[in-house]
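This report describes selected local features of one protein chain. Please look over the sequence and the model before reading on.

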Amino acid sequence: MSATADHAEERTNPAARLGFQPGQVVQEIGYDDDVDQELREAIEGAVEAELVDEDYEDVADAVVLWFRDDDGDLTDALVDATTYIEEGGSILLLTPKTGRDGYVEASDISEAATTAGLTASKSVSVGKDWSGSRLATPKAAKSKR
């Protein structure tokens, strides 16, 4: 594939745009009937494997966390998610877009990420109904270099 084709895929495939790579183990937390199936399939395609569920007993390279306002405490959910990932791994926090049931305020995401010791990137649209925030542990990211 040419560099141009790679860049085109990154623009059209949200999983590629979010940095998912072949061979990664991606754990999914918070799955329910309302999740974006196309995004799930795109992530599975990017990593060339099925997503593992909350019962997975090893560490993952990344976590996909579907979170709605009524799912409980976001900080707790993020702290729990960090226990599932490798050092230097990332969390893709997916929340309903503005105006959708379960919408989570951007300020709440930022505050919860900071409290959980994570660094948040800006929010990106990953589907018709969902926004994503890529979160990373700053110390782990630095120690990998």
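## Surroundings of Glu28

Leaving aside residues up to four places away in sequence, Glu28 touches Arg40, Leu51, Val52, Asp53, Glu54, Val64 and Trp66. The model is a predicted one. Glu28 has its place in strand S1, which spans residues 26–29.

Glu28 counts as buried because its relative accessibility is 7%, and the cut-off for buried is under 20%. Trp66, one of the residues that Glu28 touches, also makes a polar contact with Glu28: their side chains are joined at 2.9 Å.

## Helix H4 and its cover

Helix H4 runs over residues 74–82, and its buried residues are Leu74, Thr75, Ala77, Leu78 and Ala81. Viewed down the axis of H4, these buried residues lie within an arc of 160°, so they line one face of the helix.

The cover over the buried residues of H4 includes both strands and a helix. Among the strands are S1 (26–29), S2 (60–66), S3 (85–96) and S6 (130–136), and the helix is H5 (106–115).

At the start of H4, Asp73 has a side-chain oxygen that comes to within 3.2 Å of the backbone nitrogen of Thr75. Thr75 is also one of the buried residues of the helix.

## The largest pocket

The volume of the largest pocket is about 190 Å³. Its lining is made up of 16 residues, and the closest to the pocket centre are Glu105, Ala106, Ile109, Ser123 and Ser133.

Which elements each supply at least two residues of this lining? They are S3, H5 and S6. H5 gives the largest share, three residues.

## Glu87 in strand S3

Glu87 is located in strand S3. Is this residue buried or exposed? Glu87 counts as exposed, because its relative accessibility is 52% and the cut-off for exposed is over 50%.

Glu87 and Thr137 are 50 residues apart along the chain, and 8.0 Å separates their C-alpha atoms.

Key
Residues are numbered from 1 along each chain as its sequence is written. This is a predicted model: local features need pLDDT of at least 70, side-chain atom pairs count only at pLDDT 80 or more; totals for chains, interfaces and linings use all residues. Side-chain values use heavy atoms; hydrogens and water are left out. Buried means under 20% relative accessible area, exposed over 50%, partly exposed in between (1.4 Å probe, protein chains only). Helices (H or I, at least four residues) and strands (E, at least two) are DSSP runs, numbered from the N terminus. The arc is that of the directions from the helix axis to the C-beta atoms. Contact means heavy atoms within 4.5 Å. A polar contact is a pair of N or O atoms within 3.5 Å; within protein, one must be able to donate a hydrogen and the other to accept it, and residues adjacent in sequence count only if both atoms are side-chain atoms. On a 1 Å grid over the protein atoms alone, a cavity is a set of points where a 1.4 Å probe fits but cannot get out, and a pocket is an open set with protein on both sides within 12 Å along at least five of seven lines; lining residues have an atom within 4 Å of a point. Grid points are joined across faces, edges and corners, and a volume is the space filled by probe spheres set on the points.
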